[in-house]
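The structure is shown below.

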Amino acid sequence: MRIVIAGGHGQIALRLERLLAARGDEVAGIIRKAEQADALRQAGAEPVVLDLESASVDEVAERLRGADAAVFAAGAGPGSGVARKDTVDKAAAVLFADAAVRAGVRRFVIVSSMGADPGHQGDEIFDVYLRAKGEADAYVRGLDALDWTILRPGQLIDDAGTGLVRLEARTGRGPIPRDDVAAVLAELVDTSATAGLTLELIGGPVPVSVAVKSVAGN
């Protein structure tokens with residue numbers, strides 16, 4: 001498969017790129033800064049320098065053309081202000097989804113957040129973030145041209161992955177190593193039977209491949 005990842009220099013994306021490249025997939029990661037390119041090459045991915053906050057739909061679609069799947073793993077990050085929650089966590093996700101439609105890439109996986117909700121109340125930065133992610137998710141759900149899956153991890157931690165997760169429509173809150181989020185994403189991108197599902201993810205008792213097969217109905 002050829003898989004294009006938005007937010008290619010992110011902590012989850014770099015882990016995902018390593019996993020996909022190791023299994024023989026062709027991976028490209030979209031990054032904002034040229035100095036991030038070496039990290040992607042070391043992960044086995046092709047770096048594509050493109051700023052999703054200023055790019056057009058056509059520019060992004062050109063980078064997606066010929067891909068078998070697209071993964072949106074970009075985020076403004078915890079140090080960013082309110083404005084970038086809108087321009088990255090919402091608007092860039094919408095742009096990437098529209099570009100996937102234009103490029104004819106049906107398989108689309110978006111990394112969201114547990115608690116994401118367009119109607120979330122509150123004025124703190126994290127409240128704005130949850131609204132932005134929720135609005136992006138709602139937009140993607142409305143695109144019939146995409147076979148989308150929305151993944152909502154719990155509290156992200158840097159502990160080594162266990163390969164054991166709980167992946168369900170509702171899991172309740174809990175921690176999840178970034179390693180295991182990447183492992184689940186790697187399974188989801190080529191499990192199109194999960195299309196149309198919004199899934200929560202935390203650490204649990206079930207091997208990743210079994211958890212994905214279970215939600216896919218296998």
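A crossover is right-handed if, with the strands pointing away from the viewer, the path from the first strand over the helix to the second runs clockwise. By that criterion β5, helix α5 (residues 125-141) and β6 make a right-handed β-α-β unit. The model is a predicted one.

**Strand β5**

**Neighbours of β5**
- Strand β4 (residues 69-72) runs parallel to β5 and is joined to it by 4 bridges.
- Phe72 has Ile110 of β5 as its bridge partner.
- Between β4 and β5 the chain passes through helix α4 (residues 82-103), and this β-α-β crossover is right-handed.
- Strand β6 (residues 147-153) is also parallel to β5, with 5 bridges between them.
- Opposite Phe108 stands Trp148 of β6.

**Helix α7**
- Helix α7 covers residues 208-215, and its buried residues include Val208, Ala211 and Val212.
- These three lie on the same side of α7 because they cover an arc of only 95 degrees around the axis.
- An α-helix has 3.6 residues a turn, so residues three or four places apart point the same way.
- The cover over the buried residues of α7 includes β8 (164-168), α6 (178-189) and β11 (206-207).

How values were computed. Residues are numbered from 1 along each chain as its sequence is written. This is a predicted model: local features need pLDDT of at least 70, side-chain atom pairs count only at pLDDT 80 or more; totals for chains, interfaces and linings use all residues. Side-chain values use heavy atoms; hydrogens and water are left out. Buried means under 20% relative accessible area, exposed over 50%, partly exposed in between (1.4 Å probe, protein chains only). Helices (H or I, at least four residues) and strands (E, at least two) are DSSP runs, numbered from the N terminus. The arc is that of the directions from the helix axis to the C-beta atoms. Contact means heavy atoms within 4.5 Å. Two strands pair if DSSP finds at least two bridges between them.
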